[in-house]
Amino acid sequence: MKLYQNERTLLLIDGANFHAAAKSLGFDIDYRRLLDLFRSKVRLVRAHYYTAIPEEPEYFAIRPLVDWLDYNGYSVITKPMKELTDAAGRKKFKGNMDVELAVDAMRMANQLDHIVIFSGDGNLRSLVAALQELGKRITVVSTLRTDSPMISDELRRQADHFIDLADLGNEIGRVYPDAAAKQPAKKRTAAQARDLAEIDDGDN
C-alpha cells in the first residue's frame, strides 16, 4: 500500500459493496483492525461507513455492526431503503449511497490529501476524477480475484492506486479465537456476493 504518515486521509466505505467483496473472498472484515491499520500508517481524519436501512429497523440484519461502528471511531451515514416490485411481482430493495458518499468527499476535500474509497462501483469514477482535479490522491479498495471482478475497470483505471482486498485479508480479516467454533466463510462467486442483501448498489 502506498500510504504516507503525513497525509491527511479520509476513509469512505460503501457498506453493501465492501461487504459483498469481502464475502466473495470468503472472509469477514474486522473493522477495529481496519481502523487500527490506517491509524498506524496515515493521519486519519475520519472514517465514514455508508449503508441503507429498511423502513422497519428491527429487520435490519447488520444493526449490531452499525451500532458498533457508530461507537467505535466510525461516522455512520444511513438512509431508508426503498422497496420496489418488478413486473414479475418480485420485491427488490434499493439503497444506493453514491450521492451521500460523493457529497461528503467533495465537502471535505479541502481538509484532505488522500481519500481511500472502499467500493468497486463504476458510478464513482466521475467523483474520483473530480477529486483528482482538486489535487487529491485517490486509492480504491475492492477485488479482482473473483469469477468476475467486483471492481469496474473504469474505476480501477481512474484511481491513482488500487488495493486488492484479498491482499489485506491477513491484516483486516476477523480472527476467531476458537477456530472450531467459527469456520471461515465459504468463498462465493461475485454474482452470489452481490445478491447477499438484494441491495441495488449501482452498476459496476
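Leu-165 touches Phe-18, Ala-21, Ala-22, Leu-25, Phe-27, Ile-29, Val-141, Ser-142, Thr-143 and Ile-172, leaving out residues up to four places away in sequence; contact here means heavy atoms within 4.5 Å. This is a predicted model, where local features need pLDDT of at least 70, side-chain atom pairs count only at pLDDT 80 or more, and totals for chains, interfaces and linings use all residues. Residues are numbered from 1 along each chain as its sequence is written, and side-chain values use heavy atoms, with hydrogens and water left out.

**The cores**
- A nonpolar core is a set of buried Ala, Val, Leu, Ile, Met, Phe, Trp, Tyr and Cys residues joined through side-chain atoms within 4.5 Å, and buried means under 20% relative accessible area (exposed is over 50%, partly exposed in between; 1.4 Å probe, protein chains only).
- The largest such core has 30 residues, and Phe-18, Tyr-31, Leu-34, Phe-38, Phe-118 and Leu-165 touch the most other members.
- Elements giving it two or more residues are β1 (8-14), α1 (15-25), α2 (31-39), β2 (43-53), α3 (63-71) and β6 (114-118); helices (H or I, at least four residues) and strands (E, at least two) are DSSP runs, numbered from the N terminus.
- A separate second core of 23 residues includes Leu-10, Met-108, Leu-124 and Ile-138.

**Helix α5**
- In α5 (residues 125-133), Leu-127, Val-128, Ala-129, Leu-131 and Gln-132 are the buried ones.
- Their cover includes α4 (98-108), β6, β7 (137-142) and α6 (153-158).

**Met-106**
- Met-106, in helix α4, counts as partly exposed because its relative accessibility is 38%.
- Beyond four places in sequence, Met-106 contacts Leu-127, Ala-130, Leu-131 and Leu-134.
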